[in-house]
Amino acid sequence: MLIDSHCHLNYLDDPEEAIGRAREAGVTTCLCISVDEAGFSAVKSLATRHADIWATAGVHPDAAEGNLEWIEAELAYERVVAVGETGLDYLHADDASAQARQREAFALQLDLGIRHDMPVVVHTRQAEKDTLDLLQAHRGVKGVLHCFTESWSMAKEALDQGFYVSISGIVTFKNAANVRDVAAKVPADRLLIETDSPWLAPVPKRGKTNEPAYVAHTAEFLAELRQTPVETLRQGTADNFIRLFGCGV
Ligand SMILES: [Zn+2]
């Protein structure tokens, strides 16, 4: 088993070929992540056509504007297993009104996660306090902090609240000592792995277009970092995914 918990297959030039290569690399399940309404139909269609591809419905903080009512309607579809990706990204939004819009869209999607009893896929960048405040204001919400690059103290607070932490190929980058520090500490029963493809290809594919097959490299790196057999790492992160999202093999 090997699961890519976060990819944007619809942004690849040829998603069908990438899915074929992922299967050959032993990837058993992928979660294809929605970022906005315009891209959602492609995400939905991939998950409809492939039994090993699942979808989320939601709006990324960089696209947090306009009407978000479409999200709730799509949560009822059987191939949609989570809300998101949503969250806060202050690196790309330095004015107060853009940040306020992000908080509003994030709160709305956390609320959907609670009301529909679905996990929420959270993107967080340079907004530790506001992200944690909103998670705490939505008691009972479950989910994952994806492509985690923030501090261990933030990860710890989210873990204490029951969240999972997902590590991307960034962990293999030379300058990512803080990500390695967090990746070594996350409890084995809360760890997920992802590509976030088409971005952030792990070493030894760094600089190339990322795709779900490359999650195998991140798994190998993480197994070495955590001093655990790679099979245990692959199985453990897949088990965690299945427990959180209720789908996958
Ligand atoms: Zn993403």
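User: Which residue in β5 is the bridge partner of V83?

Analyst: V120 in β5 is the bridge partner of V83. T86 has its bridge partner in β5 too, namely V122. A word on the source: this is a predicted model, where local features need pLDDT of at least 70, side-chain atom pairs count only at pLDDT 80 or more, and totals for chains, interfaces and linings use all residues. Residues are numbered from 1 along each chain as its sequence is written.

User: What makes β4 and β5 a pair?

Analyst: Strands pair if DSSP finds at least two bridges between them. β4 (residues 80-89) and β5 (residues 120-125) have six bridges, in the parallel sense. Six meets the rule, so β4 and β5 pair. The names come from DSSP runs, numbered from the N terminus (helices: H or I, at least four residues; strands: E, at least two).

User: How many bridges join β3 to β4?

Analyst: Three bridges join β3 to β4, and these strands run parallel. Next, the chain crosses from β4 through helix α4 (residues 96-115) to β5. This β-α-β crossover is right-handed: with the strands pointing away from the viewer, the path from the first strand over the helix to the second runs clockwise.

User: What is the order of the strands in the open sheet?

Analyst: The eight strands have the order β1-β2-β3-β4-β5-β6-β7-β8, with parallel pairing.

User: Why are β1 and β8 said to stand at the edges?

Analyst: β1 (3-7) and β8 (191-193) each have a single partner strand, so one side of each is left without a neighbour in the sheet. From one strand to the next, the twist averages 30°.

User: Which helix packs on the sheet?

Analyst: Helix α9 (residues 230-245) packs on the sheet, and β1, β4 and β8 are among the strands that α9 touches. The direction of α9 makes about 100° with that of β8.

User: Why is β4 called largely enclosed?

Analyst: Nine of the ten residues of β4 are buried, so the rest of the structure largely encloses this strand. A residue is buried if 20 or more other C-beta atoms, placed from the backbone, lie within 10 Å of its own; 12 or fewer makes it exposed, and in between it is partly exposed.

User: How do you know whether C147 is buried or exposed?

Analyst: Count the neighbours. C147 has 26 C-beta neighbours inside 10 Å, so C147 counts as buried. C147 sits in the loop between β6 and α6. Its phi is near 45°, a positive value in a residue other than glycine.

User: And is Q227 buried or exposed?

Analyst: Q227 has 7 other C-beta atoms within 10 Å, so Q227 is exposed. Q227 is in the loop between α8 (215-225) and α9. Q227 also has a positive phi, about 50°, although Q227 is not a glycine.

User: Why are α5 and α6 called roughly parallel?

Analyst: Helix α5 (residues 128-137) and helix α6 (residues 152-160) pack at an angle of about 5°, with their axes 11 Å apart. These axes are lines fitted to C-alpha atoms over the stretch in contact, and angles run from 0 to 180 degrees between N-to-C directions. Angles under 35 degrees count as roughly parallel, over 145 as roughly antiparallel, 65 to 115 as roughly perpendicular and the rest as oblique. The two helices are therefore roughly parallel.

User: Which residues in α5 and α6 meet?

Analyst: E128, L132 and L135 in α5 meet M154, E157 and A158 in α6. Contact means that the C-beta atoms, placed from the backbone, lie within 7 Å. By class, this contact has four nonpolar, no polar and two charged residues. Nonpolar covers Ala, Val, Leu, Ile, Met, Phe, Trp, Tyr, Cys and Pro; charged covers Asp, Glu, Lys and Arg; the others, Gly among them, are polar.

Definitions and conventions: Two residues are in contact if their C-beta atoms, placed from the backbone, lie within 7 Å.
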